[in-house]
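Trainee: I would like to go through the labels for this model. Please set each value against its definition.

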Amino acid sequence: MKKFLNLKYAHTFVLVLLCSLISFTFTACSNDEPEPETGKKDFLVGTWKYQFYDDGFVYYTFNENGTGTVFEKDGGYIDQDDTFTYIHYPIEQRIKIFWDGDYENISYEKISNTRIIVYNFSDEVEIWEKQ
């Protein structure tokens with residue numbers, strides 16, 4: 001009879017251990033997205049210009065509140081005039097821009113507080129200059 005009781009307790013112990021292990025795996029998962037830096041002036045805030053032809057350019061304006069605008073003119077015609085929201089990850093040198101329910105990640109290399117090399121969603125290289 002004692003062996004039966006010990007086996008019964010061992011079975012209960014294994015079930016409790018298994019439930020604990022499962023609960024720890026769910027609580028250990030977190031959001032993979034890092035938190036953006038806060039508390040200091042973000043160099044990205046302001047208007048940036050990308051000149052892609054003699055008469056083709058794009059202006060990106062990033063506001064402190066996480067909103068922005070984009071204005072593109074190509075060959076004398078306005079191609080884009082839109083608003084967006086964004087999250088800036090300066091440690092990763094990445095900007096996540098949200099457009100109409102979709103988003104894109106843009107990576108960059110900071111040259112100075114007034115120039116960055118941008119790798120857009122198509123992996124094309126652009127040089128943005130602060131205005």
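Mentor: Start with histidine 88, at 5% relative accessibility. Buried means under 20% relative accessible area, exposed over 50%, partly exposed in between (1.4 Å probe, protein chains only). At 5%, histidine 88 therefore counts as buried. This is a predicted model, where local features need pLDDT of at least 70, side-chain atom pairs count only at pLDDT 80 or more, and totals for chains, interfaces and linings use all residues. Residues are numbered from 1 along each chain as its sequence is written, and side-chain values use heavy atoms, with hydrogens and water left out.

Trainee: What makes the pairing of the histidine 88 and aspartate 42 side chains a polar contact?

Mentor: A polar contact is a pair of N or O atoms within 3.5 Å; within protein, one must be able to donate a hydrogen and the other to accept it, and residues adjacent in sequence count only if both atoms are side-chain atoms. The aspartate 42 pair is at 2.8 Å. The side chain of histidine 88 also makes a polar contact with that of tyrosine 108, at 2.6 Å.

Trainee: Why is threonine 69 called partly exposed?

Mentor: Its relative accessible area is 34%, so threonine 69 is partly exposed.

Trainee: Which residues does threonine 69 touch, not counting those up to four places away in sequence?

Mentor: Contact means heavy atoms within 4.5 Å. Threonine 69 touches Tyr59, Tyr60, Thr61, Asp82, Thr83 and Phe84.

Trainee: And how much of the whole protein is buried?

Mentor: Of its 131 residues, 24% count as buried.
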